[in-house]
Amino acid sequence: MSATPPPDQRSAGQESSRGRDLAARLLAAAGRIRANLGAWRPGTVTEADPGTGERWEAGQVLAHVAEMLPYWVRQAETVANGTDGVPFGRVKTDPDRVTAIERDRRDDLLVLLGRMDQGVAGVLALLDRLDDAALARTGTHQTLGRMTVAQIVEDFLVRHLEEHADQLAHPLASSPET
């Protein structure tokens with residue numbers, strides 16, 4: 001069963017005000033990421049992550065953003081199209097997540113920004129596809145428990161991108177290894 005009716009069967013303006021707000025916040029965060037990259041130089045790192053103490057270079061942040069946006073879109077779709085309580089998600093130590101960051105962290109920043117833009121477009125398309133019933137469906141995350149699709153989009157896509165935009169707004173002068 002599809003989470004939403006085909007576009008030609010949806011009424012104009014069916015996207016909720018919440019969906020429009022999430023889309024606006026997502027686009028603003030992506031714009032802040034682009035704007036903040038001008039301050040980044042080789043050896044510059046982020047402030048320490050409060051939970052892990054990790055400090056990342058801009059390439060690591062962008063590699064993660066480029067990977068996480070399509071990942072969480074797929075997870076939201078899994079829940080939107082699944083049975084009640086369907087398992088979804090991962091944790092920070094997920095090997096695929098870690099591998100993607102390490103593999104792509106040295107890619108050209110413009111390439112990573114292009115991949116971020118593709119991921120943002122994927123989130124916007126997801127928001128356009130989801131109706132209120134799909135947004136209300138629930139899945140179960142292994143550590144966070146039951147979450148609605150709306151919560152998944154808010155927490156793992158929009159707020160997550162905002163956090164990385166904040167992270168890139170405060171570069172530190174040099175890597176702790178130098």
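In which helix is Glu67 found? Glu67 belongs to helix α2, which covers residues 58-81; helices are DSSP runs of H or I with at least four residues, strands are runs of E with at least two, and both are numbered from the N terminus.

The model is predicted, so local features need pLDDT of at least 70 and side-chain atom pairs count only at pLDDT 80 or more, while totals for chains, interfaces and linings use all residues. Residues are numbered from 1 along each chain as its sequence is written, and side-chain values use heavy atoms, with hydrogens and water left out.

The protein chain contains 6 helices and 3 strands, arranged along the sequence as α-α-β-α-α-α-β-β-α. Of its 178 residues, 44% count as buried, a term for under 20% relative accessible area, with exposed meaning over 50% and partly exposed in between (1.4 Å probe, protein chains only). Among contacts (heavy atoms within 4.5 Å) between residues at least 6 apart in sequence, 75% join residues at least 24 apart.

Glu67 is itself buried, because its relative accessible area is 13%. The side chain of Glu67 makes a polar contact with the side chain of Arg90 at 2.7 Å; such a contact is a pair of N or O atoms within 3.5 Å, where, within protein, one must be able to donate a hydrogen and the other to accept it, and residues adjacent in sequence count only if both atoms are side-chain atoms. Not counting residues up to four places away in sequence, Glu67 touches Arg90, Arg97, Ala100 and Arg115.

Thr148 lies in strand β3, residues 145-148. Beyond its neighbours within four places in sequence, Thr148 contacts Leu135, Ala136, Arg137 and Thr138.
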